[in-house]
Amino acid sequence: IGLINAGLTLGPDADNSMVNLNYQVLPVLLRFILKPFLGQSSVTTQPDPFADPTILAFPANPLLIGGACGLIVTALSLLPIGRLDGGVLARNALGSAAGPVGLAAWALLLYGSFGPDDAGALYFAFAFTVLIWQGGAEAPPKEAINEVTPGQQILSIVLVLAGLALTLPGYGFPQV
């Protein structure tokens with residue numbers, strides 16, 4: 001989040017060595033947050049570039065792009081699936097109820113995999129990687145032995161919900 005703030009504060013590079021941020025690849029919540037700060041699109045000349053559902057690119061500072069990539073990868077890791085961080089958090093906070101939440105996360109990855117171009121490739125590659133690394137025995141987390149406090153449960157649920165919210169694919173919402 002710090003890199004995103006720094007990238008927005010610094011704005012596009014003044015020496016015209018700018019990098020374009022492909023807006024359509026971003027998850028819907030990140031698109032909603034960044035939309036007021038991006039300025040004029042570099043691909044379309046319409047007065048309202050957000051009315052055009054084609055791929056949009058915005059001049060952006062490399063720090064903004066690095067922050068957005070880091071936030072997307074962290075959010076994907078917070079999905080409540082198997083050995084991912086979100087999976088461990090969900091099992092500790094929800095117990096046996098973590099299974100249906102994990103299925104919802106798989107459905108989210110499947111939906112994202114049907115996205116156009118790079119957006120679909122991101123979700124497909126992540127889902128494929130998760131499938132590969134899910135096999136084998138797994139040691140129970142320390143919290144499975146010790147009791148989880150209510151504060152830890154609440155924090156775990158908030159983090160898992162943040163992961164789900166930040167990975168909702170944006171291609172299904174072209175007007176956001």
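Modeller: Gladly! Helices (H or I, at least four residues) and strands (E, at least two) are DSSP runs, numbered from the N terminus. This is a predicted model, in which local features need pLDDT of at least 70 and side-chain atom pairs count only at pLDDT 80 or more, while totals for chains, interfaces and linings use all residues. Residues are numbered from 1 along each chain as its sequence is written, and side-chain values use heavy atoms, without hydrogens and water.

An α-helix has 3.6 residues a turn, so residues three or four places apart point the same way. The rings of Phe124 and Phe128 form a stacked pair, with 6.3 Å centre to centre and 15 degrees between the planes. Rings of Phe, Tyr and Trp (its six-membered ring) pair if their centres lie within 6.5 Å; planes under 30 degrees apart are stacked, over 60 edge-to-face, and the rest tilted. By this rule the count comes to one aromatic pair.

Phe124 counts as exposed because its relative accessibility is 52%, whereas Phe128, at 47%, is partly exposed (buried is under 20%, exposed over 50%, partly exposed in between, with a 1.4 Å probe and protein chains only). Together with Ile132 and Trp133, these two form a nonpolar surface patch of about 510 Å² accessible area. Such a patch takes residues with over 30% relative accessible area and no salt bridge, joining nonpolar side chains (Val, Leu, Ile, Met, Phe, Trp, Tyr) within 5 Å and like charges within 9 Å; a salt bridge is a Lys or Arg side-chain nitrogen within 4 Å of an Asp or Glu carboxyl oxygen. The areas are Shrake-Rupley values with a 1.4 Å probe, where only the protein chains shown count as cover for residues.

Leaving out residues up to four places away in sequence, Leu109 touches Leu76, Leu79, Ile81, Tyr123, Phe126 and Ala127, where contact means heavy atoms within 4.5 Å.

One backbone detail elsewhere: just after H4, Gly95 takes a positive phi of about 65 degrees.
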